[in-house]
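This report describes how two protein chains meet and how selected side chains are placed. Please have the sequence and the coordinates at hand while reading.

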Amino acid sequence: MDELYAGLADIFEIDPSEIGSSTELEEENWDSLAMVSTIALFDELFGKEVNIDALKACRTVSDLEALAGA
Amino acid sequence: MHCALPVKASIKAVATYLPERILSNEELALKFDDWTAEKIEQKTGIKSRRIAALDETALDMGIAAAKNLFATNDVSPDDIDYLIFCSQAPDFILPTSACLIQDRLNLPKSVGALDINLGCSGFVYGLSLAVSLISSGIASNILLITSDTYSKFINEGDKSVRTLFGDGAAATLITPAISTSSKIGHFIFGTDGSGGEDLMVKTGGARHPRTSSTATEYLDDAGNVRSEDNLYMNGGAVMNFTLREVPKMFTAIQELAGWERDDFDFVVMHQANLFMLEALRKKMKIDPSKAPYYFTDIGNTVSSTIPFVLAKLFQEGQITPGKRASLLGFGVGLSWAGCTVEF
């Protein structure tokens, strides 16, 4: 999941070391643009299509990890 | 025994028009206090976009682009025998905009003229019609005008789309190819109307007439102010559609043409915005040097983005005989179309 953390750090404009499973998305400017960027990230890393509603339901990075693995 | 080969078509010239008013990121940042000008540029790749005047329509802009084409090329209105106008902002429900353009441009009364209502895929669809008309011998000097004024559909309080779209027009002349190598061909199309609601202006047509109720503004769950009369975009759905369909389309074009990825000198994608194009470019493994971008100071001009890039490449002298390009249009509809062009 290192690549996921690196990609999310890029989207949130923070250092990857600041990202962990428990990182609260709401604290990291989890807006519509961040979600669209995450859609592109999931496609790139996992070849997986996720929709905005599934992303809106995520509260923490671990929720995103679950979505990536599901 | 010999068979007459169909006449091949080529892009002879492209001219563009931009309205005067500039909407800068600085101006947008004043309105949306959680965004800075730098952040808008970093995310979208766009610094400013042009906005049509209140009394300036897509038809007016298209005419201006065509006049630029006639002024800068060895072609006159009398030479045109077919006009295709691609826009989603007609002056009237009826008559057809292309008919009014015939009169305003003094095109011959013998001209064939029609509108096509498509957005970001429209230029490639227009090319496919032009190529068909030429290769069948029906017409020979085709004026394809693309023009849109999405700014008129966008609520000033909707930062999600206001940062992306700009107004602009392009006029492209398609003629029978003189060189034996030049050709527009290998078209791939796609349509998925189930995504129609993902990019939509819901009211104003026959299905939902505009009323005072549809004009009522509300705050959506992403914090944008809009009404039912405004442009709506489901950014996530459009990103998913684009990443799903455009790379498949490019692969299909390569198979149809019998060319490898490296055989293309340019892959000209619809200039949606920086993050979408970079996601696509990486997925399709296209070298940055082969993916020309032109949106920094004009934004996403809908069906004119591809001809804006072509006009820039022509001006820079980058388009020379033998160069090969793929054009990839995709967006509202949902609709997509791609083709190859040999110059």
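**The interface between chain A and chain B**

The model is predicted, and local features are reported where pLDDT is at least 70. On the side of chain A, 15 residues are in contact with 16 residues of chain B. The size of an interface is often given as the accessible area lost when the parts come together. Between chain A and chain B, about 1,300 Å² is buried, and carbon and sulfur atoms account for 54% of it.

Charged and polar pairs also link the two chains. Five salt bridges are counted between chain A and chain B. In one salt bridge, Glu49(A) is joined to Arg244(B), with 2.7 Å between the closest N and O atoms. Six residue pairs are in polar contact across the interface of chain A and chain B, both residues of each pair being at pLDDT 80 or more. On the side of chain A that touches chain B, the elements that give two or more residues are α2 (32-46) and α3 (52-56) of chain A. The most is given by α2(A), with six residues. By class, this side of chain A comprises seven nonpolar, three polar and five charged residues.

**Aromatic pairs**

Over all chains, the count of aromatic pairs comes to twelve.

| Ring pair | Distance between centres | Angle between planes | Arrangement |
|---|---|---|---|
| Tyr150(B) and Phe153(B) | 5.9 Å | 55° | tilted |
| Phe187(B) and Phe189(B) | 5.8 Å | 10° | stacked |

The pair of Tyr150(B) and Phe153(B) counts as tilted because the planes of the rings stand at 55°, between the limits of 30 and 60 degrees. Tyr150(B) has a relative accessible area of 3% and is therefore buried. Phe153(B), at 16% relative accessibility, also counts as buried, since the limit for that class is under 20%.

The rings of Phe187(B) and Phe189(B) have their planes at 10°, so this pair is stacked. Phe187(B) counts as buried at 17% relative accessibility, whereas Phe189(B), at 42%, counts as partly exposed. Together with Tyr125(B), the residues Phe187(B) and Phe189(B) form one aromatic cluster.

**Gln318(B)**

Gln318(B) is placed in the loop between α9 (305-315) and β14 (324-331) of chain B. With a relative accessible area of 32%, Gln318(B) is partly exposed. Leaving aside residues up to four places away in sequence, Gln318(B) touches Phe266(B), Leu313(B) and Lys323(B). The side chain of Gln318(B) is also in polar contact with the side chain of Glu316(B), at 2.6 Å. A separation of 14 Å lies between the C-alpha atoms of Gln318(B) and Pro307(B), which are eleven residues apart along the chain.

**Glu278(B)**

Helix α8 (residues 274-283) of chain B contains Glu278(B). Glu278(B) has a relative accessible area of 21% and is partly exposed, because the buried class requires a value under 20%. The side chain of Glu278(B) makes a polar contact of 2.6 Å with the side chain of Tyr293(B). Between Glu278(B) and Thr175(B), 103 residues apart along the chain, the C-alpha atoms are separated by 33 Å.

Terms used
Residues numbered from 1 in each chain as written. Chains lettered and ligands numbered in written order. Heavy atoms only, no water. Contact = heavy atoms within 4.5 Å. Buried area = accessible area lost by both parts, 1.4 Å probe. Salt bridge = Lys/Arg side-chain N within 4 Å of Asp/Glu carboxyl O. Polar contact = N/O pair within 3.5 Å; in protein donor to acceptor, adjacent residues only side chain to side chain. Helix = DSSP H or I, 4+ residues; strand = E, 2+ residues; numbered from the N terminus. Nonpolar A, V, L, I, M, F, W, Y, C, P; charged D, E, K, R; others polar. Buried < 20%, exposed > 50% of the residue type's maximum accessible area, 1.4 Å probe, protein only. Phe/Tyr/Trp six-rings, centres within 6.5 Å; stacked < 30°, edge-to-face > 60°.
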